[in-house]
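Take a look at the chain below. The paragraphs that follow walk through its strands, its helix and its core.

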Amino acid sequence: MSRIIQLRVTLTRVKPATWRVLLVPETISFKSLHEVLLQSFDWSGYHMWQFQFRKTTIGPPDEDGLDVDLGLGDFIEAHEVTMADLKFKERNTFKYLYHFDDDWQAKCQIEAILEPEEGQKYPWC
């Protein structure tokens with residue numbers, strides 16, 4: 001089994017502080033990570049979303065075919081890339097953006113990279 005990433009997800013600009021700690025396999029796609037985040041925060045999933053890591057944006061495919069280039073760097077479809085592909089190290093961070101109209105943002109920080117525990121199912125919150 002692949003290694004496990006301990007990920008702390010903290011909503012920014014929210015008081016009181018709201019966060020979750022997730023354990024996810026490093027082979028999880030960013031599409032699946034988005035779904036785990038929806039469940040962990042009890043969100044509906046009706047809004048636009050994306051991840052940002054350095055100069056790379058990771059998100060759902062452009063189903064409208066608009067292909068808007070905002071000049072923000074590379075774009076990768078979320079189902080095509082895993083956390084392992086980005087070779088994260090402990091303390092690396094990336095952003096999760098959700099519900100663009102309300103500008104919800106979360107800071108995602110790699111707290112640890114662990115070996116899986118026997119009998120434990122992942123992802124886990």
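**From one threonine to the whole fold**

T57 is buried, because its relative accessible area is 11%. Buried here means under 20% relative accessible area, exposed means over 50%, and partly exposed is in between, with a 1.4 Å probe and protein chains only. The model is predicted: local features need pLDDT of at least 70, side-chain atom pairs count only at pLDDT 80 or more, and totals for chains, interfaces and linings use all residues. Residues are numbered from 1 along each chain as its sequence is written, and side-chain values use heavy atoms, with hydrogens and water left out.

T57 sits in strand β4, residues 56-59. Helices (H or I, at least four residues) and strands (E, at least two) are DSSP runs, numbered from the N terminus. Leaving aside residues up to four places away in sequence, T57 touches Q50, F51, Q52, D74, F75 and I76. A contact means heavy atoms within 4.5 Å.

Now step back to the sheet. The sheet is open and has seven strands, in the order β2-β1-β7-β6-β3-β4-β5, with mixed pairing. At its edges are β2 and β5 (74-77), each pairing on one side only. Neighbouring strands are turned by 25° against each other on average, direction ignored. Those angles run from 0 to 180 degrees between N-to-C directions, and the axes are lines fitted to C-alpha atoms, for helices over the stretch in contact.

Two strands pair if DSSP finds at least two bridges between them. β1 and β2 are antiparallel and share seven bridges. R8 has V21 in β2 as its bridge partner. β1 also runs antiparallel to β7, joined by eight bridges. There, I4 stands opposite L114 in β7.

Next comes helix α1, residues 30-41. Its 12 residues should span 16 Å at 1.5 Å a residue, and its end C-alpha atoms are 16 Å apart, so the two agree. The expected span is 1.5 Å times one less than the number of residues. Which residues of α1 are buried? They are F30, L33, H34, V36, L37, L38, S40 and F41. Their cover includes β1 (4-11), β2 (19-25), β3 (49-53), β4 and β6 (93-98). Just after α1, D42 takes a positive phi of about 60°.

A nonpolar core is a set of buried Ala, Val, Leu, Ile, Met, Phe, Trp, Tyr and Cys residues joined through side-chain atoms within 4.5 Å. The largest one has 29 residues, and L7, F30, L33, F51, M83, F94 and Y96 touch the most other members. β1, β2, α1, β3, β6 and β7 (104-114) each supply at least two residues of this core. The largest share, six residues, comes from α1. F51 has contacts with F30, L33, H34 and L37, and with F94 and Y96, among others. F51 also touches T57, the residue where this tour began.

Last, the cysteines. The structure holds zero disulfides; a disulfide is a pair of cysteine sulfur atoms within 2.5 Å. C108 counts as buried because its relative accessibility is 0%. C125, at 48% relative accessibility, counts as partly exposed.
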